Amino acid sequence: MVASVKLLIRDLAQLATPAGSAAPLRGAALRDVEVTRDAFVLCEDGRIVATGPMSAVPSVDGDVEELDGRGLSAIPGLVDCHTHACFAGDRVEEFSLRAGGASYEELHARGGGILSTVRATREAGDAGLAEALAEHVSWMLRAGTTTFEAKSGYGLDHDTELAQLRAVRDAGGVPTWLGAHTVPPEFADAGAEAYVDFLIYDVLAEAAEIAEAADVFLERGAFDAAQARHYLVACRDAGLALRLHGDQFTESGAIPLAIELGARSVDHLEATGPEGVAALAASDVVGVLLPASALFLNRPMPPARALVDAGAAVALATDMNPGSAFCESLPLVCSLAATQMSLAPEEALAACTVNAAHVLERADRKGRLAAGFDADVVLVAADDWRHLAYHLAGPVVHTVIAGGKVASTGSA
Ligand code: NIG
Ligand code: FE
């Protein structure tokens with residue numbers, strides 16, 4: 001019999017976890033964080049087997065590795081449910097141009113933007129892409145992300161789209177097929193509809209074997225609502241869950257389409273007005289908010305407070321990508337949520353743990369510190385877990401435990 005691997009994190013100043021077992025959380029439940037002082041977490045074979053106050057720590061037989069939690073606070077491993085981390089190259093040149101006044105949409109229209117990362121990603125080859133992704137994933141892990149989603153969308157051809165999905169899967173991520181990110185140069189003359197047909201007839205069957213969800217960029221200059229519907233319906237018929245990039249620059253029908261098709265999420269929402277807020281709040285679709293992207297592009301923040309107050313289920317994610325959000329840090333995203341979007345630290349925590357796990361259909365084992373959940377734990381370098389959001393870009397991540405093993409030490 002193989003001996004079990006046990007880890008006891010003891011003497012924690014605090015253990016903080018979204019309360020209860022429901023997902024997604026909305027309304028007042030989003031603020032309901034259970035805090036235990038002088039606490040422990042006991043893990044065995046990659047799962048949490050018990051949590052509680054030190055006064056109730058069970059006696060453990062056999063070999064146990066112990067971690068000293070004095071002065072630290074434990075929160076669930078963070079879940080990043082929206083990234084484009086699988087890319088080659090960078091866009092520092094474009095960043096400089098934008099800093100000097102050029103707009104993201106102008107650069108995109110000139111063949112830069114997403115298409116410049118498409119060129120770099122196509123050229124990288126499988127090994128180059130895996131290496132670039134591994135580097136980005138190591139940044140995310142150091143920042144406390146133990147579960148990540150990553151999209152394709154920088155291949156826009158048969159081979160590179162599938163290579164991206166395989167790379168994400170092989171790196172332990174949750175792959176999302178974003179074939180409909182933008183129209184590639186090969187289809188510039190034939191147009192967006194012809195490209196969507198190509199995606200559906202030539203790529204979908206293989207993409208659906210690797211990806212868990214499909215995503216589309218529904219926006220002026222990318223795909224309109226009719227094209228997005230055509231793509232998403234075919235993807236749904238192939239068994240994929242649905243997500244949308246919507247209302248980033250304009251309200252172009254993403255929220256009604258997401259609701260009509262039973263999508264899991266609609267993401268961005270910087271341009272969403274009161275009607276969209278009300279419609280989303282009355283639906284099961286999660287609004288994924290990406291404040292690092294709004295900050296990076298100097299765009300308005302999404303209406304997070306209005307969404308939460310209206311009863312919407314919201315998640316927070318980085319949108320990590322080389323163009324609109326070169327940022328892997330969910331702790332920074334939590335700071336932006338608190339300082340720019342009027343979310344309480346409790347709401348921010350729920351949004352990037354249990355609700356993000358719900359978007360990835362993993363809320364039964366990710367996003368909470370409770371018996372039976374995966375042993376993914378972040379030790380925050382403070383005796384009050386709210387430093388996660390409070391210490392703006394500070395070294396708040398002390399240790400990251402993934403699957404019951406220490407995966408990263410030292411601050412983010
Ligand atoms: O979510 N808006 C569309 N796609 C990404 C950006 C991709 C890029 O600029 O490379 C986003 O912001
Ligand atoms: Fe995105």
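Which residues do ring pairs link into a cluster? Please carry on from there to the rest of the fold.

Author: Ring pairs join Phe187, Tyr195, Phe198 and Phe223 into a cluster. Rings of Phe, Tyr and Trp (its six-membered ring) pair if their centres lie within 6.5 Å; planes under 30 degrees apart count as stacked, over 60 as edge-to-face and the rest as tilted.

Some ground rules come next. This is a predicted model, where local features need pLDDT of at least 70 and side-chain atom pairs count only at pLDDT 80 or more, while totals for chains, interfaces and linings use all residues. Residues are numbered from 1 along each chain as its sequence is written, chains are lettered from A and ligands numbered from 1 in the order in which they are written, and side-chain values use heavy atoms, with hydrogens and water left out.

Back to the rings. The ring rule gives nine aromatic pairs. In one of them, the ring centres of tyrosine 104 and phenylalanine 249 are 5.9 Å apart and the planes meet at 25 degrees, so this pair is stacked. Tyrosine 104 belongs to helix α2 (residues 104–109), and phenylalanine 249 to the loop between β10 (241–246) and α7 (254–261). Helices (H or I, at least four residues) and strands (E, at least two) are DSSP runs, numbered from the N terminus. Tyrosine 104 and phenylalanine 249 are both buried. Buried means under 20% relative accessible area, exposed over 50%, partly exposed in between (1.4 Å probe, protein chains only).

The loop between β10 and α7 also holds aspartate 247. Aspartate 247 is not a glycine, yet its phi is positive, about 55 degrees. Most residues other than glycine have a negative phi, and most peptide bonds are trans. Aspartate 247 is buried, with a relative accessible area of 3%. Histidine 268, in strand β11, has a positive phi too, near 105 degrees. Histidine 268 is buried at 2% relative accessibility. A cis peptide bond joins alanine 23 and proline 24, with omega about -5 degrees. Proline 24 sits in the loop between β1 (6–18) and β2 (33–44).

Histidine 82 lies in the loop between β6 (78–80) and α1 (92–99), and aspartate 319 in the loop between β13 (314–316) and α11 (330–340), so the pair ties together parts 237 residues apart in sequence. Histidine 82 and aspartate 319 are buried.

Next, the sheet. Eight strands form an open sheet in the order β6-β7-β8-β9-β10-β11-β12-β13, with parallel pairing. Two strands pair if DSSP finds at least two bridges between them. β6 and β13 are at the edges with a single partner strand each, so one side of each has no neighbour in the sheet. Direction ignored, neighbouring strands are turned by 25 degrees against each other on average.

Helix α3 (residues 114–142) packs on the sheet and touches β6 and β7 (145–151). Contact means heavy atoms within 4.5 Å. The direction of α3 makes about 140 degrees with that of β7. Axes are lines fitted to C-alpha atoms, for helices over the stretch in contact, and angles run from 0 to 180 degrees between N-to-C directions. α11 lies across β6, β7 and β13, at about 85 degrees to β6.

Finally, β12. Three bridges join β11 (residues 265–268) to β12 (residues 286–289), and these strands run parallel. Aspartate 267 has valine 288 as its bridge partner in β12. Three bridges also join β12 to β13, again parallel. Leucine 289 has leucine 316 as its bridge partner in β13. Val286 and Val288 point one way from β12, Gly287 and Leu289 the other way, and all are buried.
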